[in-house]
Amino acid sequence: MTDQKSKEDRQIRIFISSTFRDMQVERELLVKHVFPELRRICAERFVTFTEVDLRWGITEEQAAEGRVLPICLEEIHRCRPYFIGLLGERYGWIPETVPTEVIEREPWLREHVGGHTSVTELEILHGVLNNPDMADHAFFYFRDPAYVSSIPDKDRKDFIEDDEGKSKKLKKLKEGIRNSGLPVLENYANPNVMAEAVRERLLALIDQLYPKEEVPDPLDQESMGHESYGWDRLQAYVERPEQTAEIDAFAEAESTSQGLVITGESGGGKTALLASWVLHWRKKHPDDFVFAHYFGATPESASVDRFLRRLLGELKRRFDIPDEIPSESDNLREALSLWLAQTVGKGQIVLVLDALNQIEGGEPDRCLAWLPRYFSAHLRVIASSLPGISLDALMEREWREYKLPLPDLAERLRMIRAFMGYHRKILRRDLFDQIASARACSNPLFLRTVLEELRQFGSFEQLPHRVAHYLEAESPESLFRLVLRRWEEDFSDGQDLVRRAFCHLWAARQGLAETEWLELLGTEDQTLPRQIWTPFFLAMERHLSQRSGLWIFGHDFLRQAVQEEFLSLEKERQTAHIELADYFENSGDIKRKTKELPWQLKKCSLWHRLAECLLDWRIFDHLNSDFSRYELLDYWQSASIQTGLMEQIDRVYAAMKETLPNKADESFLANSLGSFFMRSGYYASAEVVMRKAVEIVTRELGADHITTANHIFDLANLYWIMRDYSSAEEKCRKAIELLKNHQDTNLRGYAVSCGLLGKLLEIRNDIDGAEKQYTLAIDLLEKSFGKGHHYVASAMNDLAMLLYKKGNTGIAEEMLNRALNMFEKTLGRTHPYTTIAQQNVGIMLYYRKELEGALKQFLYALNNFEKLYGPDIRDLQASSCLNNLGRIYFDMGDLDRSKHYYGKLLDIYEALLGENHPDTKALREDLNYVDQAR
């Protein structure tokens, strides 16, 4: 590509070069004191500061094996133009030989082999003296020779040269540095003086390069990350004119109000094609607003919230939209269509959305509920996706699909030529043809991986054997097994590094931060040293992705290869999960601990440890949210089966109270725990702690406080679920009386209480009163949340069923379908609220005698509820699908199945309501009636 990167690389990666033994104090001062401060300052200015100290801890014996110099030279290249050189009175170790492949890459080394030049001088030559571009950012510090006299006699030999030849070489090296004109601090008195000088020098450089007032705003920061990601995919990229023309044709054609989605096998080149097309289109249409977003490219890019904030921010900046970007997730999603409408008549817009299958979040986000279903004529949307829920959503919307063909032989030949040329490598013609014609190399990921492996292979004579070795693989997965074995040969170094690193990554639920990885691979006393980690990380980095600051597998081929190569046995997989559980149990990051620890404990069936984990209020509170509530329920049910945890309410409450950070929050703890036990079907336990919550909040905040009103309503809701309707109505009316006075601060609470009262009045057959309450609830919720919110849908769902009872079937069915559509759009197709609405559709079909359609809806509901609650459903609302199935199978004459579902429901009623509850008795009579009919 001839275009230049349109981004500023905001990073300082600085290489530290010195002899080792005599500079340990200096290095420690820099790494432990100076650099952390500079890193903090840089972070405030959106600059990444990294020091590279590869020879830290390396012995001369290790260096003699030739493992250090290649890594050092590569890191110096990556760090340019930043370099710090520290010199005292030692010249350092001189290698007798330099690996042949290193000399081939760096021909200037030929005059230095054979015991002529120390590794330290080679670093300085490569990093600075041979490169005039280093003049502004390379700094040298020469220690005062008199400092040696302060060193104890027993250690002094490590600070001076006893070889006259080496002393002369050191003197000549210093003179060469002085004569270069580069900045040198001469004769610093001691390490502390040097450390302060480095701090001042680098701080001045940071101020010069990245002034405080010129820090890019978050919008620019994210944009730069995406631009960089796109450019990285174009290294040695070969244009594919036919595919580019296909996208052009779509972008230039008359609008169809839908988008174009590029599909194709994983590793087939979809991202690179889109990155190339974006540059092509911008050049061809400079006035168009082209917005490219690569899901999974930057730490936060897979979040729909972050994507929408970025897109709305760019629209606001480009089209002068006066509205403020919403802060709430729901409002963000609603704003997108409205903001796009404001751009009509102001120019063409092209949205490029790569890797929709990488989107994180709940089902609605992955189903693309946030993306407008239709686009106006000035807007083109081009996406890519692998098979899955996102692609299914686009197909349902009838997007045009373009299946990206794999490159043909001619294209593969051009790809090989471009790649080897980019890396200045020459490949024999027969090998060139052999690779290009291999069937598996039609996958660009496979081809590039083979070429990447070959360019790092040292022996030119053995290259044909190596080519044959890799081409034995028939798929990317089997190729990566060979790559894993090569990495083990090159990087494990007796520490089993490769296997351990990948087993940890495989076992991680969300991925691993680099610091977590290094701690896992290290010892109790220290993390894995960088000089061991860096070479391996550089080798595998291209095959990883980073999401929310965590490293994950960049594609599933490598993950599958790791599982087959290192974790083929169940015992090995269990061990991997246990190691992660042990690590996260001691983590101080509660968010990471919450995401990983209970999941890992469940994976390895450590039920008692899982139970203890769930008794930590901080973990419980983080999980007890709209997004992970059913995940929490799954953990508790799994642990309780083995430990009886859910029957031990006193123990649970006491343990959580003990871990409560602020004792003043006890009423919140009691109410949250009660609500959770209510959802879990443990109603007696829920009542105990929810009554306690009301008592505490009434005593501490007063009987009229809004929190008191909310807790009373929650208790009313519990009584309604328990079918204690008189207690429920009493508490509900009391809550309404209090919440009516707090409408300004809790309109939703007031609206939901009105909705509950409507349900209670409906049970008493006060249809008019119930309709009045439902209608009031809908009006209040629409004012508070807008007409598309799932709270509104829930109230509409209740009103629709009431209207159906009244005989207003047309209005009822239209309202119910509207509510169902709202649920699916905002919560997804498998959410409990959506499932209840689906079941209500089934009930309407049942009343219309459309039994097959009704049965389909009831079975669908049962399947969803069993996924959430397990085969033993402990939720009365969810278990209503069993009642519906029992009834419909009876009407259809399938008495065995009718008895089966009624029997399952009876077990639930007896467990949750008790044997003497009126509903239990009524169901027992129904079951007897079925038996008699058989």
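How many cavities of 30 Å³ or more does the structure hold? The structure, a predicted model in which local features need pLDDT of at least 70 and side-chain atom pairs count only at pLDDT 80 or more, while totals for chains, interfaces and linings use all residues, holds 3 such cavities. Residues are numbered from 1 along each chain as its sequence is written, and side-chain values use heavy atoms, with hydrogens and water left out.

A cavity is a set of points, on a 1 Å grid over the protein atoms alone, where a 1.4 Å probe fits but cannot get out; a pocket is an open set with protein on both sides within 12 Å along at least five of seven lines, and lining residues have an atom within 4 Å of a point. Volume is the space filled by probe spheres set on the points, which are joined across faces, edges and corners.

The largest cavity has a volume of about 90 Å³. Its lining includes His 226, Glu 227, Trp 231, Arg 282 and Tyr 294. Two or more lining residues come from each of helix H8 (218-232), helix H10 (270-284) and strand S7 (289-294); helices (H or I, at least four residues) and strands (E, at least two) are DSSP runs numbered from the N terminus. The lining of the largest cavity comprises 7 nonpolar, 2 polar and 2 charged residues, where Ala, Val, Leu, Ile, Met, Phe, Trp, Tyr, Cys and Pro count as nonpolar, Asp, Glu, Lys and Arg as charged, and the others, Gly among them, as polar.

The second largest pocket has a volume of about 380 Å³. Of the 18 residues that line this pocket, Arg 500, His 504, Leu 520, Glu 579 and Tyr 583 lie nearest its centre. Helices H20 (497-507), H21 (514-521) and H24 (570-585) each give two or more residues to the lining, and H24 gives the most, with 6. By class, the lining of this pocket has 6 nonpolar, 6 polar and 6 charged residues.

Two backbone features were also identified in loops. The peptide bond from Arg 80 to Pro 81 is cis, with omega near 10°, and Pro 81 lies between helix H3 (69-79) and strand S3 (83-87). Ser 257, although not a glycine, has a positive phi of about 70°; this residue is found in the loop between helix H9 (241-252) and strand S6 (260-263).
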